[in-house]
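Welcome! Have the model open beside you as you read. We will take it one piece at a time.

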Amino acid sequence: MSQHTISPEITFAPDHLGGTKRIWKTFYLLSILTIFELAIGLTIYNIHKGAHPNASLVLAFKGLVCILTLAKAFYIVSVFMHLGDEIRNMIMTIVVPLALFIWFVIAFLSDGNSWKNLRNTDAGSKPDTHLVAPAAKEPGQKD
Amino acid sequence: MSTTAIPTGTKWWNGGRSPFNASYGKVMMWYFLMSDAFTFGAFLISYGTLRFSENYWVDPNHVFSAFPFAEGMNLPLSFVSLMTFILIFSSVTMVLAVHEGHKMNRKAVEKYIFWTIIGGLAFLSCQAWEWTHLLTHQHEVWINGINGAAGHVELWNTTVSHNPFGPEVTINGHQYATPGPVAFGSYFFEITGFHGFHVFSGVIINLIMYIKTKMGHFDQRGHYEMVEKAGLYWHFVDLVWVFVFLCFYLI
(Lines give C-alpha, C1' and ligand atoms only; values in the text may rest on other atoms or scores of the structure.)
Protein backbone atom coordinates (compact mmCIF):
# COMPACT_ATOMS: atom_id res chain seq x y z
CA MET A 1 0.00 0.00 0.00
CA SER A 2 1.34 3.42 -0.90
CA GLN A 3 1.92 6.18 1.61
CA HIS A 4 -0.58 8.95 1.09
CA THR A 5 0.35 12.57 1.61
CA ILE A 6 -1.97 14.79 3.60
CA SER A 7 -0.32 18.11 2.85
CA PRO A 8 2.91 19.30 1.30
CA GLU A 9 4.08 20.88 4.56
CA ILE A 10 4.49 17.47 6.12
CA THR A 11 8.07 16.43 5.58
CA PHE A 12 8.06 12.94 6.96
CA ALA A 13 4.84 10.97 6.87
CA PRO A 14 4.96 8.67 9.87
CA ASP A 15 4.65 5.02 9.03
CA HIS A 16 1.25 3.96 10.35
CA LEU A 17 1.01 0.74 8.42
CA GLY A 18 2.15 -1.49 11.27
CA GLY A 19 -0.09 -3.90 13.12
CA THR A 20 -2.55 -3.24 15.92
CA LYS A 21 -0.47 -5.06 18.53
CA ARG A 22 0.63 -1.87 20.23
CA ILE A 23 -2.95 -0.60 20.50
CA TRP A 24 -4.16 -3.78 22.18
CA LYS A 25 -1.15 -3.86 24.48
CA THR A 26 -1.98 -0.33 25.61
CA PHE A 27 -5.60 -1.33 26.13
CA TYR A 28 -4.59 -4.22 28.41
CA LEU A 29 -2.21 -1.93 30.26
CA LEU A 30 -4.93 0.70 30.81
CA SER A 31 -7.34 -2.01 31.98
CA ILE A 32 -4.83 -3.42 34.45
CA LEU A 33 -4.05 0.07 35.80
CA THR A 34 -7.79 0.73 36.19
CA ILE A 35 -8.30 -2.56 38.04
CA PHE A 36 -5.42 -1.60 40.34
CA GLU A 37 -7.06 1.75 40.98
CA LEU A 38 -10.37 0.09 41.78
CA ALA A 39 -8.63 -2.31 44.16
CA ILE A 40 -7.03 0.64 45.94
CA GLY A 41 -10.40 2.47 45.98
CA LEU A 42 -12.00 -0.53 47.69
CA THR A 43 -9.07 -0.77 50.11
CA ILE A 44 -9.63 2.86 51.09
CA TYR A 45 -13.34 2.06 51.52
CA ASN A 46 -12.52 -0.80 53.86
CA ILE A 47 -10.03 1.28 55.84
CA HIS A 48 -12.74 3.91 56.31
CA LYS A 49 -15.15 1.28 57.59
CA GLY A 50 -12.79 0.43 60.45
CA ALA A 51 -13.12 2.02 63.88
CA HIS A 52 -9.95 4.10 63.64
CA PRO A 53 -9.04 4.83 60.02
CA ASN A 54 -5.31 5.37 59.60
CA ALA A 55 -5.20 8.81 57.97
CA SER A 56 -1.65 8.59 56.65
CA LEU A 57 -2.28 5.14 55.18
CA VAL A 58 -5.35 6.50 53.34
CA LEU A 59 -3.29 9.45 52.13
CA ALA A 60 -0.58 7.11 50.84
CA PHE A 61 -3.13 5.04 48.92
CA LYS A 62 -4.70 8.19 47.47
CA GLY A 63 -1.27 9.36 46.34
CA LEU A 64 -0.70 5.98 44.70
CA VAL A 65 -3.99 6.27 42.78
CA CYS A 66 -2.94 9.73 41.56
CA ILE A 67 0.32 8.29 40.22
CA LEU A 68 -1.52 5.44 38.48
CA THR A 69 -3.89 8.00 36.92
CA LEU A 70 -0.95 9.99 35.57
CA ALA A 71 0.43 6.77 34.08
CA LYS A 72 -2.91 6.13 32.36
CA ALA A 73 -2.96 9.69 31.05
CA PHE A 74 0.55 9.22 29.66
CA TYR A 75 -0.42 6.07 27.74
CA ILE A 76 -3.63 7.59 26.36
CA VAL A 77 -1.83 10.70 25.10
CA SER A 78 1.30 8.96 23.92
CA VAL A 79 -0.17 5.91 22.16
CA PHE A 80 -3.87 6.52 21.50
CA MET A 81 -3.43 10.17 20.55
CA HIS A 82 -0.11 9.36 18.83
CA LEU A 83 1.68 12.28 20.46
CA GLY A 84 4.59 9.97 21.14
CA ASP A 85 4.98 9.46 17.38
CA GLU A 86 5.20 13.17 16.63
CA ILE A 87 8.47 15.06 16.34
CA ARG A 88 10.02 16.75 19.35
CA ASN A 89 8.85 20.27 18.36
CA MET A 90 5.24 19.11 18.38
CA ILE A 91 5.52 17.23 21.67
CA MET A 92 7.11 20.23 23.39
CA THR A 93 4.52 22.75 22.19
CA ILE A 94 1.81 20.65 23.86
CA VAL A 95 3.55 19.35 26.95
CA VAL A 96 5.44 22.45 28.12
CA PRO A 97 2.33 24.66 28.62
CA LEU A 98 0.67 21.83 30.52
CA ALA A 99 3.51 21.97 33.03
CA LEU A 100 1.64 24.99 34.46
CA PHE A 101 -0.63 22.45 36.11
CA ILE A 102 2.14 21.53 38.54
CA TRP A 103 1.99 25.05 39.93
CA PHE A 104 -1.81 25.22 39.73
CA VAL A 105 -2.30 22.11 41.81
CA ILE A 106 0.25 23.02 44.48
CA ALA A 107 -0.83 26.67 44.78
CA PHE A 108 -4.58 26.16 44.85
CA LEU A 109 -4.70 23.11 47.07
CA SER A 110 -2.45 24.73 49.64
CA ASP A 111 -4.70 27.78 49.42
CA GLY A 112 -7.69 25.58 50.22
CA ASN A 113 -5.82 24.11 53.14
CA SER A 114 -5.02 27.59 54.39
CA TRP A 115 -8.72 28.55 54.30
CA LYS A 116 -9.48 25.56 56.43
CA ASN A 117 -6.88 26.56 59.02
CA LEU A 118 -8.09 30.15 59.06
CA ARG A 119 -11.68 29.04 59.52
CA ASN A 120 -10.92 26.53 62.25
CA THR A 121 -8.72 28.91 64.23
CA ASP A 122 -10.67 32.15 63.64
CA ALA A 123 -7.76 33.46 61.59
CA GLY A 124 -5.20 32.20 64.08
CA SER A 125 -6.84 33.74 67.18
CA LYS A 126 -7.72 30.41 68.80
CA PRO A 127 -6.34 26.88 68.75
CA ASP A 128 -7.75 24.41 66.23
CA THR A 129 -10.59 22.64 68.02
CA HIS A 130 -11.57 20.75 64.93
CA LEU A 131 -9.27 17.83 65.44
CA VAL A 132 -12.07 15.68 66.87
CA ALA A 133 -13.68 13.14 64.59
CA PRO A 134 -16.66 14.66 62.73
CA ALA A 135 -19.02 11.88 63.85
CA ALA A 136 -18.52 12.84 67.49
CA LYS A 137 -20.02 16.28 66.96
CA GLU A 138 -23.12 17.32 68.85
CA PRO A 139 -26.22 17.72 66.69
CA GLY A 140 -26.67 21.35 67.72
CA GLN A 141 -23.20 22.39 66.63
CA LYS A 142 -22.89 24.34 63.42
CA ASP A 143 -20.22 23.30 60.93
CA MET B 1 5.39 3.30 15.41
CA SER B 2 7.15 6.11 13.54
CA THR B 3 9.88 4.23 11.79
CA THR B 4 10.71 6.96 9.29
CA ALA B 5 14.25 8.09 9.99
CA ILE B 6 14.51 11.86 10.24
CA PRO B 7 17.94 13.05 9.16
CA THR B 8 19.81 14.87 11.88
CA GLY B 9 20.14 18.58 11.26
CA THR B 10 16.75 18.94 9.55
CA LYS B 11 15.91 22.66 9.62
CA TRP B 12 12.31 22.71 10.86
CA TRP B 13 11.93 26.48 11.03
CA ASN B 14 13.32 27.42 7.60
CA GLY B 15 9.89 27.72 6.02
CA GLY B 16 8.15 25.76 3.35
CA ARG B 17 7.23 23.00 5.74
CA SER B 18 5.38 22.55 9.00
CA PRO B 19 7.83 22.93 11.90
CA PHE B 20 5.61 20.46 13.75
CA ASN B 21 5.55 17.98 10.86
CA ALA B 22 1.76 18.07 11.14
CA SER B 23 -1.03 19.71 9.18
CA TYR B 24 -2.53 23.02 10.31
CA GLY B 25 -5.80 21.36 11.31
CA LYS B 26 -4.14 18.77 13.49
CA VAL B 27 -1.93 21.31 15.28
CA MET B 28 -4.98 23.50 15.92
CA MET B 29 -6.93 20.50 17.24
CA TRP B 30 -4.12 19.89 19.69
CA TYR B 31 -4.17 23.53 20.80
CA PHE B 32 -7.94 23.40 21.22
CA LEU B 33 -7.62 20.27 23.35
CA MET B 34 -4.89 21.94 25.38
CA SER B 35 -7.18 24.91 26.13
CA ASP B 36 -9.97 22.47 26.97
CA ALA B 37 -7.58 20.68 29.31
CA PHE B 38 -7.03 23.98 31.10
CA THR B 39 -10.79 24.48 31.40
CA PHE B 40 -11.31 21.05 32.90
CA GLY B 41 -8.18 21.47 35.00
CA ALA B 42 -9.51 24.75 36.39
CA PHE B 43 -12.80 23.09 37.30
CA LEU B 44 -11.16 20.14 38.98
CA ILE B 45 -8.60 22.26 40.82
CA SER B 46 -11.28 24.62 42.13
CA TYR B 47 -13.19 21.54 43.31
CA GLY B 48 -10.02 20.34 45.02
CA THR B 49 -9.47 23.74 46.64
CA LEU B 50 -12.99 23.79 48.07
CA ARG B 51 -12.59 20.22 49.24
CA PHE B 52 -9.29 20.99 50.97
CA SER B 53 -10.94 23.93 52.75
CA GLU B 54 -13.65 21.74 54.33
CA ASN B 55 -13.25 19.75 57.53
CA TYR B 56 -15.63 17.12 56.23
CA TRP B 57 -16.13 15.83 52.72
CA VAL B 58 -18.56 13.22 51.42
CA ASP B 59 -17.40 9.62 51.09
CA PRO B 60 -17.66 8.72 47.37
CA ASN B 61 -18.03 5.03 48.23
CA HIS B 62 -21.15 5.96 50.14
CA VAL B 63 -22.61 8.20 47.40
CA PHE B 64 -21.86 6.02 44.38
CA SER B 65 -22.77 2.59 45.65
CA ALA B 66 -25.83 1.87 43.51
CA PHE B 67 -26.17 -0.25 40.40
CA PRO B 68 -29.13 -0.49 38.00
CA PHE B 69 -31.52 -3.37 38.78
CA ALA B 70 -29.75 -3.94 42.10
CA GLU B 71 -31.80 -1.72 44.41
CA GLY B 72 -30.69 -1.66 48.00
CA MET B 73 -27.40 -3.44 47.39
CA ASN B 74 -24.18 -1.80 48.49
CA LEU B 75 -21.85 -1.96 45.48
CA PRO B 76 -19.28 0.83 45.84
CA LEU B 77 -17.33 1.78 42.71
CA SER B 78 -19.00 -0.88 40.56
CA PHE B 79 -21.18 1.23 38.26
CA VAL B 80 -18.48 3.83 37.68
CA SER B 81 -15.97 1.11 36.80
CA LEU B 82 -18.42 -0.13 34.16
CA MET B 83 -18.57 3.43 32.78
CA THR B 84 -14.77 3.67 32.82
CA PHE B 85 -14.33 0.42 30.91
CA ILE B 86 -16.97 1.45 28.36
CA LEU B 87 -15.03 4.65 27.70
CA ILE B 88 -11.62 2.94 27.54
CA PHE B 89 -13.00 0.39 25.11
CA SER B 90 -14.60 3.02 22.90
CA SER B 91 -11.20 4.73 22.88
CA VAL B 92 -9.67 1.51 21.54
CA THR B 93 -12.25 1.21 18.75
CA MET B 94 -11.56 4.85 17.86
CA VAL B 95 -7.81 4.35 17.63
CA LEU B 96 -8.47 1.26 15.49
CA ALA B 97 -10.67 3.40 13.20
CA VAL B 98 -7.82 5.91 12.86
CA HIS B 99 -5.42 3.04 12.19
CA GLU B 100 -7.60 1.62 9.42
CA GLY B 101 -7.98 5.15 8.04
CA HIS B 102 -4.23 5.29 7.49
CA LYS B 103 -4.57 2.13 5.45
CA MET B 104 -7.46 3.65 3.44
CA ASN B 105 -9.63 0.75 4.56
CA ARG B 106 -13.12 2.28 4.35
CA LYS B 107 -15.17 -0.70 5.53
CA ALA B 108 -13.07 -1.16 8.66
CA VAL B 109 -13.19 2.58 9.47
CA GLU B 110 -16.97 2.45 9.23
CA LYS B 111 -17.13 -0.57 11.52
CA TYR B 112 -14.88 0.88 14.21
CA ILE B 113 -16.49 4.34 14.18
CA PHE B 114 -19.85 2.63 14.54
CA TRP B 115 -18.69 0.80 17.66
CA THR B 116 -17.19 4.00 19.03
CA ILE B 117 -20.56 5.72 18.66
CA ILE B 118 -22.25 2.80 20.42
CA GLY B 119 -19.71 3.07 23.25
CA GLY B 120 -20.33 6.80 23.57
CA LEU B 121 -24.09 6.30 23.70
CA ALA B 122 -23.68 3.54 26.29
CA PHE B 123 -21.59 5.87 28.44
CA LEU B 124 -24.17 8.66 28.15
CA SER B 125 -26.95 6.26 29.11
CA CYS B 126 -24.99 5.20 32.19
CA GLN B 127 -24.50 8.80 33.14
CA ALA B 128 -28.19 9.54 32.66
CA TRP B 129 -29.03 6.68 35.01
CA GLU B 130 -26.48 7.83 37.57
CA TRP B 131 -27.79 11.41 37.56
CA THR B 132 -31.39 10.23 37.78
CA HIS B 133 -30.49 8.01 40.71
CA LEU B 134 -28.76 10.83 42.60
CA LEU B 135 -31.50 13.35 41.84
CA THR B 136 -34.38 11.07 42.81
CA HIS B 137 -33.02 8.67 45.43
CA GLN B 138 -33.79 9.99 48.91
CA HIS B 139 -32.01 9.53 52.21
CA GLU B 140 -32.99 10.40 55.75
CA VAL B 141 -31.26 13.53 56.99
CA TRP B 142 -31.24 15.02 60.47
CA ILE B 143 -31.99 18.74 60.27
CA ASN B 144 -30.97 20.79 63.28
CA GLY B 145 -33.61 23.01 64.81
CA ILE B 146 -33.06 26.71 64.19
CA ASN B 147 -33.75 29.29 66.94
CA GLY B 148 -34.66 26.73 69.56
CA ALA B 149 -37.01 24.71 67.34
CA ALA B 150 -36.73 20.94 67.62
CA GLY B 151 -34.56 19.02 65.18
CA HIS B 152 -36.32 16.71 62.78
CA VAL B 153 -35.79 14.17 60.03
CA GLU B 154 -36.28 15.04 56.37
CA LEU B 155 -35.89 13.05 53.15
CA TRP B 156 -33.27 14.58 50.91
CA ASN B 157 -32.06 13.78 47.41
CA THR B 158 -28.79 15.03 45.89
CA THR B 159 -28.99 18.29 43.93
CA VAL B 160 -26.65 21.19 43.17
CA SER B 161 -27.81 22.94 46.34
CA HIS B 162 -28.04 20.15 48.92
CA ASN B 163 -27.15 16.55 49.56
CA PRO B 164 -27.72 14.03 52.35
CA PHE B 165 -24.10 12.91 52.72
CA GLY B 166 -22.89 14.91 55.72
CA PRO B 167 -21.32 13.45 58.89
CA GLU B 168 -23.50 11.02 60.78
CA VAL B 169 -25.11 11.80 64.13
CA THR B 170 -26.83 9.53 66.61
CA ILE B 171 -30.20 10.81 67.79
CA ASN B 172 -32.15 8.64 70.27
CA GLY B 173 -30.08 5.63 69.31
CA HIS B 174 -30.79 6.08 65.60
CA GLN B 175 -28.04 7.02 63.15
CA TYR B 176 -28.80 9.83 60.73
CA ALA B 177 -26.74 11.63 58.13
CA THR B 178 -26.63 15.41 58.32
CA PRO B 179 -26.66 17.84 55.38
CA GLY B 180 -23.47 17.36 53.38
CA PRO B 181 -21.15 20.04 52.00
CA VAL B 182 -23.10 22.16 49.52
CA ALA B 183 -20.17 22.35 47.09
CA PHE B 184 -20.25 18.61 46.49
CA GLY B 185 -23.44 18.53 44.42
CA SER B 186 -22.68 21.66 42.44
CA TYR B 187 -19.16 20.49 41.53
CA PHE B 188 -20.26 16.96 40.78
CA PHE B 189 -23.06 17.95 38.44
CA GLU B 190 -21.04 20.77 36.88
CA ILE B 191 -17.96 18.72 36.08
CA THR B 192 -19.58 15.42 35.11
CA GLY B 193 -22.17 17.43 33.16
CA PHE B 194 -19.48 19.34 31.28
CA HIS B 195 -17.71 16.06 30.58
CA GLY B 196 -20.98 14.43 29.49
CA PHE B 197 -21.53 17.35 27.13
CA HIS B 198 -18.11 16.62 25.64
CA VAL B 199 -19.05 12.96 25.22
CA PHE B 200 -22.29 14.03 23.57
CA SER B 201 -20.55 16.36 21.12
CA GLY B 202 -17.95 13.63 20.51
CA VAL B 203 -20.74 11.24 19.56
CA ILE B 204 -22.15 13.86 17.16
CA ILE B 205 -18.70 14.41 15.61
CA ASN B 206 -18.22 10.66 15.25
CA LEU B 207 -21.65 10.37 13.67
CA ILE B 208 -20.63 12.97 11.09
CA MET B 209 -17.39 11.07 10.49
CA TYR B 210 -19.38 7.86 10.05
CA ILE B 211 -21.68 9.45 7.47
CA LYS B 212 -18.76 11.08 5.63
CA THR B 213 -16.87 7.79 5.57
CA LYS B 214 -19.91 5.95 4.27
CA MET B 215 -20.37 8.57 1.55
CA GLY B 216 -16.77 8.06 0.50
CA HIS B 217 -15.67 11.65 1.14
CA PHE B 218 -12.34 10.62 2.60
CA ASP B 219 -11.57 8.23 -0.23
CA GLN B 220 -12.14 11.09 -2.67
CA ARG B 221 -9.93 13.35 -0.59
CA GLY B 222 -7.21 10.71 -0.52
CA HIS B 223 -6.72 10.65 3.26
CA TYR B 224 -8.63 10.04 6.50
CA GLU B 225 -7.07 12.87 8.46
CA MET B 226 -10.46 14.16 9.58
CA VAL B 227 -11.12 10.85 11.32
CA GLU B 228 -7.75 11.28 13.00
CA LYS B 229 -8.77 14.71 14.32
CA ALA B 230 -12.14 13.41 15.52
CA GLY B 231 -10.16 10.61 17.17
CA LEU B 232 -7.99 13.14 19.01
CA TYR B 233 -11.14 14.74 20.42
CA TRP B 234 -12.58 11.39 21.45
CA HIS B 235 -9.38 10.30 23.20
CA PHE B 236 -9.33 13.63 25.00
CA VAL B 237 -12.81 12.90 26.34
CA ASP B 238 -11.48 9.59 27.64
CA LEU B 239 -8.46 11.37 29.12
CA VAL B 240 -10.64 13.83 31.01
CA TRP B 241 -12.75 10.97 32.35
CA VAL B 242 -9.61 9.39 33.80
CA PHE B 243 -9.20 12.50 35.95
CA VAL B 244 -12.90 12.92 36.76
CA PHE B 245 -12.91 9.27 37.84
CA LEU B 246 -9.92 9.95 40.09
CA CYS B 247 -11.21 13.17 41.66
CA PHE B 248 -14.84 12.24 42.25
CA TYR B 249 -14.97 8.49 42.65
CA LEU B 250 -11.62 7.17 43.82
CA ILE B 251 -10.29 9.70 46.33
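## Before we start

Helices here are DSSP runs of H or I with at least four residues, strands are runs of E with at least two, and both are numbered from the N terminus. This is a predicted model, in which local features need pLDDT of at least 70 and side-chain atom pairs count only at pLDDT 80 or more, while totals for chains, interfaces and linings use all residues. Residues are numbered from 1 along each chain as its sequence is written, chains are lettered from A and ligands numbered from 1 in the order in which they are written, and side-chain values use heavy atoms, with hydrogens and water left out.

## A look at chain A

Chain A has 4 helices and 0 strands, and from the N terminus its elements read α-α-α-α. It is divided into domain 1 (19-85) and domain 2 (88-122), with bounds that come from an automatic or database domain assignment. The C-alpha centres of these two domains of chain A are 21 Å apart.

How much of chain A is buried? Of its 143 residues, 31% are buried. Buried means under 20% relative accessible area, exposed means over 50%, and partly exposed is in between, using a 1.4 Å probe and protein chains only. Take Asn113(A) as an example: this residue lies in helix H4 (residues 100-120) of chain A and is partly exposed at 32% relative accessibility. Asn113(A) and Val79(A) are 34 residues apart along the chain, and their C-alpha atoms are separated by 36 Å.

## Salt bridges in chain B

A salt bridge is a side-chain nitrogen of Lys or Arg within 4 Å of a carboxyl oxygen of Asp or Glu. Over all chains, the search of the whole structure finds 9 salt bridges. One of them joins Arg106(B) to Asp219(B), with 3.3 Å between the closest N and O atoms. Arg106(B) lies in helix H4 (residues 106-136) of chain B and Asp219(B) in helix H6 (residues 217-221) of chain B, so this pair ties together parts 113 residues apart in sequence. Arg106(B) is partly exposed, at 27% relative accessible area, and Asp219(B) is partly exposed too, at 32%.

Glu110(B) forms a salt bridge with Lys214(B), and here the closest N and O atoms are 3.3 Å apart. What does this pair tie together? Glu110(B) is in helix H4 of chain B and Lys214(B) in helix H5 (residues 182-214) of chain B, so the pair links parts 104 residues apart in sequence. Glu110(B) is buried, with a relative accessible area of 7%, whereas Lys214(B) is partly exposed at 44%. A network of salt bridges links Arg106(B), Lys107(B), Glu110(B), Lys214(B) and Asp219(B).

Another salt bridge joins Lys229(B) and Glu225(B), whose closest N and O atoms are 3.5 Å apart. How far apart are Lys229(B) and Glu225(B) in helix H7 of chain B? They are 4 residues apart in helix H7 (residues 225-250), which means about one helical turn separates them. Glu225(B) is buried, with 5% relative accessibility.

## Rings that pair up

Rings of Phe, Tyr and Trp (its six-membered ring) pair if their centres lie within 6.5 Å; planes under 30 degrees apart count as stacked, over 60 as edge-to-face and the rest as tilted. The whole structure holds 38 aromatic pairs over all chains. Among them is the tilted pair of Phe64(B) and Phe188(B), with 5.1 Å from centre to centre and 40 degrees between the planes. Phe64(B) sits in the loop between helix H2 (60-63) and helix H3 (78-102) of chain B, while Phe188(B) is in helix H5 of chain B, so the pair ties together parts 124 residues apart in sequence. Phe64(B) and Phe188(B) are both buried.

Phe218(B) and Tyr224(B) also form a tilted pair, at 5.4 Å centre to centre and 50 degrees between the planes. Both Phe218(B) and Tyr224(B) are buried.

## Charges over rings

A charge sits over a ring if NZ of Lys or CZ of Arg is within 6 Å of the ring centre and within 35 degrees of the ring normal. Arg17(B) lies over the face of Trp12(B), 5.8 Å from the ring centre. The charged end of Lys111(B) sits over the ring of Tyr112(B), at 4.8 Å from its centre.
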